[in-house]
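Here are my notes, point by point, for when you have the model open. Have a look at it first, then read on.

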Amino acid sequence: MSEKPTPKRAPTKAQARCACGDVVIEIAVPAQWAWHDHSATSRKAHGAAYATYVGSWKSRFAFVRGEDCLTRYEEPDTGATRGFCARCGTPMLYERK
């Protein structure tokens, strides 16, 4: 007699990392919101026609490792902060003021 298969559980967290692996972040899933940003600032920051962001409340976000490996840039006009891996330059964070 075979055992019943264990039902698969949905993940409770999703991880992302920069290209070099120095910075790893995670959020509780599902994400709270997502959007495509076509603004000039995002186009310049990402070198692409738009950037896709996945949003989370800070209480649902955590650094797994590498918070000290981020370089931050505050946009003078909006006060928003962008965080990049200091080693490889991967955009990792966007925080509105």
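1. Start at Leu93. Leaving out residues up to four places away in sequence, Leu93 touches Phe61, Phe63, Leu70, Arg72, Thr81, Arg82 and Gly83. Contact here is heavy atoms within 4.5 Å.

2. Before you go further, a word on the source: this is a predicted model, so local features need pLDDT of at least 70 and side-chain atom pairs count only at pLDDT 80 or more, while totals for chains, interfaces and linings use all residues. Residues are numbered from 1 along each chain as its sequence is written, and side-chain values use heavy atoms, with hydrogens and water left out.

3. Leu93 also belongs to the largest nonpolar core, a set of seven residues with Cys18, Val23, Ile25, Leu70, Cys85 and Met92 as the other members. A core of this kind is a set of buried Ala, Val, Leu, Ile, Met, Phe, Trp, Tyr and Cys residues joined through side-chain atoms within 4.5 Å. In soluble globular proteins, nonpolar side chains tend to be buried together.

4. On the terms: strands are DSSP runs of E, at least two residues, numbered from the N terminus; two of them pair if DSSP finds at least two bridges between them; axes are lines fitted to C-alpha atoms, with angles running from 0 to 180 degrees between N-to-C directions.

5. Arg72 sits opposite Gly83 of strand 7.

6. The other sheet is also open and antiparallel, with three strands in the order 1-2-5. Strand 1 (13–17) and strand 5 (61–65) are at the edges, and the twist averages 25° from one strand to the next. Four bridges link strand 2 (residues 24–28) with strand 5; Ile25 has Phe63 as its bridge partner there.

7. Where is Thr90? In the loop between strand 7 and strand 8. Thr90 counts as buried because its relative accessibility is 18%, and the cut-offs are under 20% for buried, over 50% for exposed and partly exposed in between (1.4 Å probe, protein chains only). Beyond its neighbours within four places in sequence, Thr90 is in contact with Cys18, Ala19, Gly83, Phe84 and Cys85. The Thr90 side chain also reaches the backbone nitrogen of Ala19 at 3.1 Å.

Conventions: A polar contact is a pair of N or O atoms within 3.5 Å; within protein, one must be able to donate a hydrogen and the other to accept it, and residues adjacent in sequence count only if both atoms are side-chain atoms.
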